[in-house]
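Colleague: I would be grateful for a close look at a single part of this model, followed by its setting in the whole chain. Please state the cut-offs behind each term as you use it.

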Amino acid sequence: FSSRTGLVFISNWVFIALTIAVAFGTFLPLFMGASYTSGQYNRTTIPFFALIFFLSGFGLLTGFKVTNINKYLNRLIAAFAISLAAVTIMAFIGYTDFASLVLLFTIYFSAMAVILKTLSSLKKGGISSLFKANRFYGAMIVHFGLVIISLGIVISSFYHYKGIFTVWAGDEIVYNNYTFKIGSYANTHGENYISEYLPIEIYKN
């Protein structure tokens, strides 16, 4: 199971488990009336995605038939160390959500696997291999594209904040380096409608 073939086999089962988890969360509200929040969805799916990215990165850095893992040890250590350093820097500058950092680590690991594998191929075949091994580099481009998309989704989640406040006209709230000033409530009764209006001014501190 330490070969690329074995890891692809395991990844397929992880994908099946992820599909079941997503389907369960999607159809549960329809048949049982229960709610399934985004937070619950993230807690359920993050372990699956993290495992998939880690297995894909590990598979790229090894061979189809692995008889000696030490042969690939330098690549694995390099990808692991760089990914760990990147996550440590992000944690140091304020991104502290543990689950997201774990997922980021596996995404970085997968990205480093693509980069190291591509550099290794270029080293062996030279620039001319870009025009010969079209299927290999095409697969690397697709893989790296998925990494970039996932990276954007996870990093953007760090900027998502949710707060619940009870406010009155004239209140002022400071939240996440922003100041919210609540104006005066007003309503209008038209011929066939009623409108309600509450101005909120937002200032960055």
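Modeller: Ser 121 is found in helix 4; helices are DSSP runs of H or I with at least four residues, strands are runs of E with at least two, and both are numbered from the N terminus. The model is a predicted one, in which local features need pLDDT of at least 70 and side-chain atom pairs count only at pLDDT 80 or more, while totals for chains, interfaces and linings use all residues. Residues are numbered from 1 along each chain as its sequence is written, and side-chain values use heavy atoms, with hydrogens and water left out.

With a relative accessible area of 19%, Ser 121 is buried (buried means under 20%, exposed over 50%, and partly exposed in between, with a 1.4 Å probe and protein chains only). Not counting residues up to four places away in sequence, Ser 121 touches Gly 126, Ser 129, Phe 136 and Tyr 137, where contact means heavy atoms within 4.5 Å. Thr 118 also belongs to helix 4, which covers residues 98-125. Thr 118 counts as buried, at 19% relative accessibility. Leaving aside neighbours within four places in sequence, Thr 118 is in contact with Tyr 137 and Met 140.

For Ile 107, the contacts beyond four places in sequence are Phe 53, Val 147, Ser 150, Leu 151 and Val 154.

The aromatic side chains come next. The structure holds six aromatic pairs; rings of Phe, Tyr and Trp (its six-membered ring) pair if their centres lie within 6.5 Å, and planes under 30 degrees apart count as stacked, over 60 as edge-to-face and the rest as tilted. Phe 54 and Phe 109 form a stacked pair, with 5.1 Å from centre to centre and 25° between the planes. Because Phe 54 lies in helix 2 and Phe 109 in helix 4, this pair ties together parts that are 55 residues apart in sequence. Phe 54 is partly exposed at 30% relative accessible area, whereas Phe 109 is buried at 2%.

A pair of the edge-to-face kind is formed by Phe 80 and Phe 105, with 5.2 Å between the centres and 75° between the planes. Phe 80 is in helix 3 and Phe 105 in helix 4, and the pair links distant parts of the chain, 25 residues apart. Phe 80 counts as partly exposed, at 42% relative accessibility, while Phe 105 is buried, at 14%. One aromatic cluster is made up of Phe 54, Phe 58, Phe 80, Phe 105 and Phe 109.

The setting of helix 4 can now be given. The protein chain has five helices and five strands, which run α-α-α-α-α-β-β-β-β-β from the N terminus on. Of the 205 residues in the protein chain, 30% are buried. Among contacts between residues at least 6 apart in sequence, 54% join residues at least 24 apart.

Asp 171 counts as partly exposed, at 27% relative accessibility. Not counting residues up to four places away, Asp 171 touches Thr 166, Phe 180, Lys 181 and Ile 182. The C-alpha atoms of Asp 171 and Lys 181 are separated by 6.1 Å, although these residues are ten apart along the chain. Further on, Ile 200 is placed in strand 5 (residues 200-204) and is partly exposed, with a relative accessible area of 47%.
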